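Colleague: I have not looked at this one before. Can you walk me through a few side chains?

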Amino acid sequence: MHRSFPYHKPAAATSSSKPVSVDYRLAPEHPYPAAINDCLSAARWLIEHAQREFGTSWLSIGGESAGAHLAASTLLRLRDAGEVSAYSAASLMYGCFDLSLTPSARASAGTPFIDRASVQAFADGFLGEVDPRSAAASTLYADLSGLPPALFTVGTIDPLVDDSLFLHQRWQAAGNSSELTVYPGGVHGFNAFESELALSANQRIASFLLKARGDSTSV
C-alpha cells in the first residue's frame with residue numbers, strides 16, 4: 001500500500017510547512033492494524049517533540065490515497081484518546097474511506113492507476129479478517145464527531161471519488177468544518193504530475209493549511 005503521510009510535499013512546501021513522512025508497515029505482510037498503529041505512534045511523537053525538533057507546535061495531518069485513509073483513522077484514535085486537539089487541520093486527498101468499496105469504486109474498470117480490482121486487492125490485503133464495514137476499518141462508518149477542519153481533494157475520473165464525496169458530507173454532518181474540491185478530469189494521484197490541474201490543487205491545499213494556521217499570506 002502506498003506511503004504518503006502526513007501530507008503531500010508540494011502543498012506542504014508551498015504553505016511553508018515542514019513535512020514529516022511515516023515509513024509505516026505495509027500490507028499484506030502486516031495487515032490491520034499495523035499501519036494505523038505506526039501512524040498513531042508518529043502522530044504522538046510529533047505532539048511531544050515538534051516544538052523542539054521543528055520549532056513549532058502547530059500540527060496538521062493528511063495524506064493521499066491509502067495515506068488519507070490512515071490519516072483519518074489516526075485522527076479518530078487520537079480523538080478517542082483525548083489527544084486530537086493537537087492537530088488543527090486535515091488534508092485528505094483521494095482517500096479510500098470505505099474498504100467495502102463505494103459505488104464509484106465498484107463501477108470502475110480500466111481507469112488509470114487503480115480500478116475496482118486493484119482497490120479490492122489492496123483492501124483485502126490490509127483488512128485480513130476485519131469486517132470492511134466496521135468503524136475501525138473504514139472511516140466512513142465511524143463516529144466523526146470532534147475532529148479538526150478537513151479539506152477533501154479528488155478528481156472526477158478517480159474511482160475513489162465517492163469516498164471523498166461521502167466522507168466530506170459525513171464530516172460536516174458530525175459538526176466539523178469540511179471543504180471539498182473536485183477537479184474535472186483528475187485521475188487518481190493527479191496532483192503529483194506537472195500540470196495546471198496539479199498546480200491548482202496543490203495551491204488550494206496550501207491555502208487551506210495557511211488559513212488553518214492563521215496565516216494570511218497569499219499562495
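Modeller: Let me start with serine 178, which is placed in strand 4. Keep in mind that this is a predicted model.

Colleague: Is serine 178 buried or exposed?

Modeller: Serine 178 is buried, since its relative accessible area is 8% and buried means under 20%.

Colleague: Which side chain does the side chain of serine 178 make a polar contact with?

Modeller: That of histidine 168, at 2.7 Å.

Colleague: And what is serine 178 in contact with, leaving aside its neighbours within four places in sequence?

Modeller: With Ala150, Phe152, His168, Trp171 and Gln172. His168 is the residue of the polar contact.

Colleague: Changing topic. How many salt bridges are there?

Modeller: The count comes to five. I can go through some of them.

Colleague: Stay with strand 4 for now. Which residue does glutamate 179 meet in a salt bridge?

Modeller: Arginine 204, with an N to O distance of 2.1 Å between the side chains. This pair links distant parts of the chain, as glutamate 179 sits in strand 4 (residues 178-183) and arginine 204 in helix 7 (residues 196-213), 25 residues apart.

Colleague: How does accessibility look for glutamate 179 and for arginine 204?

Modeller: Glutamate 179 counts as partly exposed at 23% relative accessibility. Arginine 204 also counts as partly exposed, at 25%.

Colleague: Next one. What does arginine 25 pair with?

Modeller: The side chain of arginine 25 forms a salt bridge with that of aspartate 38, at 2.9 Å from N to O. Arginine 25 is in the loop between helix 1 (9-14) and helix 2 (34-54), while aspartate 38 is in helix 2, so the pair ties together parts that are 13 residues apart in sequence.

Colleague: Is aspartate 38 buried or exposed?

Modeller: Aspartate 38 counts as buried, because its relative accessibility is 19% and the cut-off for buried is under 20%. Arginine 25 is partly exposed, with a relative accessible area of 36%.

Colleague: One more salt bridge, please. What does aspartate 80 pair with?

Modeller: Arginine 79, and the closest N and O atoms of that pair are 2.9 Å apart.

Notes: Residues are numbered from 1 along each chain as its sequence is written. This is a predicted model: local features need pLDDT of at least 70, side-chain atom pairs count only at pLDDT 80 or more; totals for chains, interfaces and linings use all residues. Side-chain values use heavy atoms; hydrogens and water are left out. A salt bridge is a side-chain nitrogen of Lys or Arg within 4 Å of a carboxyl oxygen of Asp or Glu. Helices (H or I, at least four residues) and strands (E, at least two) are DSSP runs, numbered from the N terminus. Buried means under 20% relative accessible area, exposed over 50%, partly exposed in between (1.4 Å probe, protein chains only). A polar contact is a pair of N or O atoms within 3.5 Å; within protein, one must be able to donate a hydrogen and the other to accept it, and residues adjacent in sequence count only if both atoms are side-chain atoms. Contact means heavy atoms within 4.5 Å.
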